[in-house]
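Have the model open as you read.

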Amino acid sequence: MSLDPGALRSLARDLGVSTDFWGWDGTRKRVADETLMRVLAALGHEVADDADVRRIRADRARAAWAATLPRVVVLREDREESLAVHVVDGTAVEVEVILEDGSRRPLTQVEDFTAPYDLDGTRRGQASFRIPRGLPLGWHTIRAHTSEGERECPLVVTPARITVQDELGDRRAMGVQAQLYSVRSPRSWGIGDLADARDLAAVLGVRHGADFLLINPLHASRPVPPMLPSPYLPVTRRFTSALYVRPEDVPEFRDLPEHARQRIAMLRGEVAPANTRADRLERDPVLAKKMEALEEIFAAPRTPARQALFDAYRAREGRGLEDFALWCALDEHREELPDRTREELASPDSPAAQQARTELADRITFHAWVQWVLDEQLAAAQAGAREGGMRIGLMHDLAVGVTEVGADAWRLGDVLARGVGVGAPADQYNQQGQNWHQPPWHPEALAAAGYRPWRDQLRTLLRHAGALRIDHVLGLFRLWWIPDGSPASEGTYVTYDHEAMIGILALEAQRAGAIVVGEDLGTFEPWVRDYLTERGILGTSILWFENDAEGNPLPPEAYRRLCLASVNTHDLPPTAGYLAGDHVRLRHELGLLERDLDEEIAVDAAAQAKVLDAVRAQGLLAQDTDPRANVEATVIALHRYLARTPSLLVGVSLVDCVGERRIQNQPGTDSEYPNWRVPLADQDGEVVTVDDIAASARTTRLLTAVREAMDAT
């Protein structure tokens with residue numbers, strides 16, 4: 001039987017799969033039928049002919065009428081909603097809301113006639129109930145009392161908008177953006193860690209009046225080498241990488257016998273010399289030595305009070321922590337497992353996994369303990385930031401997704417789509433598109449799970465955060481799905497229930513007292529930014545990309561207020577390198593350009609010239625200043641320009657504070673460039689440490705200029 005392309009495309013649209021989209025070049029792109037069929041398959045809908053299309057539509061209608069209640073209801077506090085309840089036609093039904101505190105609110109039935117539905121010979125009727133506005137924020141339960149018994153579904157009441165940022169008042173906030181792993185101290189183990197974050201935040205807060213420190217995602221990696229260098233490719237987004245622990249700061253370290261402390265000192269001594277390397281960061285040896293040190297400390301007895309705190313942490317994190325710790329215990333021996341055993345362990349609920357929970361109980365406890373230690377050090381870093389005068393403190397970063405083979409892919413398999421990866425279509429800086437090889441949330445499965453995996457992840461991340469940056473926040477609206485084996489260009493967008501995703505984000509952030517910043521760069525529908533602003537989520541403005549409709553740089557007064565404004569991002573070179581055109585030449589060397597090198601350089605230089613002319617028009621840079629010959633003066637002028645905007649947050653990259661030129665990450669590459677492995681260094685290629693930053697005259701000049709310019713507006 002044939003497949004009508006029109007029917008296929010109609011079904012795809014009804015299931016939230018885009019059949020065309022606007023490209024970065026302003027042209028409308030049509031999605032191939034083959035791509036649509038493969039994406040629909042990843043959503044659980046195999047389509048080969050017209051009969052499949054009819055079957056899928058019929059099955060979805062049947063499922064909706066067979067269910068008494070929706071899978072989940074997510075509601076804004078300032079809105080009311082009609083709730084459809086399906087029961088045997090003609091039978092009575094009562095519905096109530098059970099609030100978090102245990103109190104009950106009956107719902108009122110409203111007139112809303114809908115014709116009954118024949119479900120296998122049984123007539124199903126629909127009754128409508130009004131969920132009123134003004135219910136308390138939180139995770140509640142809707143309970144229906146029917147002739148068939150009681151049925152329940154979650155009700156999530158979310159804030160109309162996040163209001164945490166309002167607490168900053170009229171005084172805008174200045175902060176620093178850093179790749180934490182690249183910022184070491186003489187006390188580090190070769191990689192910047194949470195103790196370095198604490199010290200750096202204190203220095204920036206006390207010495208320079210900074211209000212926040214934005215750091216890269218600290219999401220967990222494998223517990224044993226090799227680990228992927230990218231902080232945006234974790235095995236889980238809920239827990240933290242042991243790479244960032246400072247072993248000597250674990251309280252039990254103090255109680256170790258002398259020989260054990262000496263052994264840990266020897267372990268550190270094997271990797272600490274890397275603190276002085278300016279060419280390359282090596283994570284694997286650091287992770288291996290830190291895990292050995294943690295084993296030594298874990299063996300030390302805990303006081304009853306410390307054990308009680310550890311027990312409380314495990315109880316709070318619940319099944320998610322236990323599953324992650326089990327995955328870590330299994331991963332330690334992954335190479336030793338025969339293929340059949342791996343198949344038997346394909347799910348945390350499998351009989352083999354349940355047996356492993358008993359056999360590996362000690363290792364599970366160890367990995368749970370490692371997360372507890374990291375949680376304590378995260379708390380100490382945030383406390384140090386606030387004690388240093390930061391009004392916000394640490395701003396954590398949430399990656400778009402996780403690796404295809406990792407803890408989340410294993411423990412959250414029911415709510416992740418298979419056979420596709422997340423990426424991005426072509427844009428002006430990645431003209432071949434990108435494939436990040438990350439399994440996306442399955443929209444319907446996530447809703448069926450009541451969005452609890454999303455909530456639990458956010459709660460853990462927000463616990464010790466003054467703010468949270470959401471990488472590619474547009475992914476809460478739609479994600480670019482790429483069928484396995486296809487180039488990045490042959491994908492399509494799949495939409496999500498943004499009211500639910502953003503609403504739950506707003507609820508958890510409001511409860512945690514954290515500001516939310518969405519990285520809203522790239523291709524998106526114009527209404528998205530307005531929606532994010534309405535919900536109290538700050539956007540992201542990068543100086544080089546902020547243009548008006550005619551392509552001219554926005555004047556400072558035209559910038560958004562609710563945004564984090566900065567000169568650059570980790571996907572661009574530091575300003576010194578950008579001014580020199582390093583990014584264009586690097587992309588040419590790596591074969592990432594579709595235009596001729598000279599043409600690309602000319603286009604980039606023209607765009608830079610427009611921005612520099614706008615800066616000169618503000619009187620911030622002399623007309624005869626050569627930006628490449630006077631890098632520091634130009635960097636200060638660019639940041640003063642941003643300081644004149646109304647943007648609530650102004651971020652200054654640490655690389656710009658010290659004169660670094662090298663880019664941290666070149667999108668579209670893997671092994672071709674040392675992504676995420678570039679240590680912090682100055683303009684002369686010399687390593688810059690946390691201690692150096694405390695005494696850095698260059699850092700002082702830049703941050704003082706920004707702070708004074710912001711105070712003057």
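Which helices and strands each supply at least two residues of the lining of the second largest pocket?

1. They are α3 (50-66), β3 (73-76), β4 (81-88), α12 (443-448) and α14 (498-512). Helices (H or I, at least four residues) and strands (E, at least two) are DSSP runs, numbered from the N terminus.

2. This is a predicted model: local features need pLDDT of at least 70, side-chain atom pairs count only at pLDDT 80 or more, and totals for chains, interfaces and linings use all residues. Residues are numbered from 1 along each chain as its sequence is written, and side-chain values use heavy atoms, without hydrogens and water.

3. Now the terms. On a 1 Å grid over the protein atoms alone, a cavity is a set of points where a 1.4 Å probe fits but cannot get out. A pocket is an open set with protein on both sides within 12 Å along at least five of seven lines. Lining residues have an atom within 4 Å of a point. Points are joined across faces, edges and corners, and a volume is the space filled by probe spheres set on them.

4. The second largest pocket holds about 800 Å³ of space. Of its 29 lining residues, Arg60, Arg71, Glu444, Ala447 and Asp497 are the closest to its centre.

5. There are five cavities of 30 Å³ or more.
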